[in-house]
Amino acid sequence: MPNSFAQTVVLFGTDHNFQLPLCGKDTEKTFYSTIYELSNSYGVHTIAEEMSLEALSEKGATYSIAQQLCNDKDLRHEFMDPANKERKELGIFQDNDIRAEGFLNNWTPEHIDAEILVRGSYASDSIRENFWLSKIKEIDTWPLLFICGADHFNSFADLLLRNGVNVVKSCKYWKP
């Protein structure tokens, strides 16, 4: 492996629906082929993705396309997103979670909006991205292909770079 790929993350942004085999056979083949080519081009040893087993189950899937590719190529695969219980422990909230909490607690719309600003999706994205970074460092297998939602592409690339990880920005928003 060339030194230029030491501590390198090949970053790939997409819509999470394309990560699952439920996206349709043509899209599945195209997604598989795209990440297959990326993994070959950069000599990837691990594919990690913003996904959890719970998220798979919630969408009615039993595996991801990247997971299947890793099985086929004998590569390491990692689901990187924390499970629901772990999200709560880490203080990760979605905006709708906060709206529901506000509704149940009779908060004013202004209170709900303020809570969303303080601990909603935007604030929680930083917690999640730092969580992914720590897991990537634990894995310590380079180069690594990381598949994330397109909304995280720029901010996660910046976080990786600030922490001394080389980033190949392969695709900000892949779609078939």
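A salt bridge is a side-chain nitrogen of Lys or Arg within 4 Å of a carboxyl oxygen of Asp or Glu. This is a predicted model, and a search of the whole structure finds six such bridges. Side chains of opposite charge can pair when their charged atoms come close. Five residues are linked in a network of salt bridges: Glu-50, Asp-81, Arg-87, Asp-125 and Arg-128.

**Arg-128 and Glu-50**

- Arg-128 forms a salt bridge with Glu-50. Their closest N and O atoms are 2.4 Å apart.
- The pair links distant parts of the chain, 78 residues apart.
- Arg-128 belongs to helix H7, which covers residues 121-139. Glu-50 lies in the loop between strand E2 (46-49) and helix H2 (53-58).
- Arg-128 has a relative accessible area of 6%, so it is buried, the cut-off being under 20%.
- Glu-50 has a relative accessible area of 5%, so it too is buried by that cut-off.

**Arg-128 and Asp-81**

- A second salt bridge of Arg-128 goes to Asp-81, with 2.9 Å between the closest N and O atoms.
- This pair also links distant parts of the chain. Arg-128 is in helix H7, and Asp-81 is in the loop between strand E3 (76-79) and helix H4 (84-90). They are 47 residues apart.
- The two side chains are also joined by a polar contact of 2.9 Å.

**Arg-87 and Asp-81**

- The side chains of Arg-87 and Asp-81 meet in a salt bridge, at 2.6 Å from N to O.
- Both Arg-87 and Asp-81 are buried.

- Asp-81 sits in the loop between E3 and H4.
- Its relative accessibility is 10%, so Asp-81 counts as buried, being under 20%.
- The side chain of Asp-81 makes a polar contact of 2.9 Å with the side chain of Trp-132.
- Leaving out residues up to four places away in sequence, Asp-81 touches Glu-49, Glu-50, Met-51, Ser-52, Arg-87, Arg-128, Phe-131 and Trp-132.

**The network in brief**

- Arg-128 has a salt bridge to Glu-50 and another to Asp-81.
- Asp-81 has salt bridges to Arg-128 and to Arg-87.

Key
Residues are numbered from 1 along each chain as its sequence is written. This is a predicted model: local features need pLDDT of at least 70, side-chain atom pairs count only at pLDDT 80 or more; totals for chains, interfaces and linings use all residues. Side-chain values use heavy atoms; hydrogens and water are left out. Helices (H or I, at least four residues) and strands (E, at least two) are DSSP runs, numbered from the N terminus. Buried means under 20% relative accessible area, exposed over 50%, partly exposed in between (1.4 Å probe, protein chains only). A polar contact is a pair of N or O atoms within 3.5 Å; within protein, one must be able to donate a hydrogen and the other to accept it, and residues adjacent in sequence count only if both atoms are side-chain atoms. Contact means heavy atoms within 4.5 Å.
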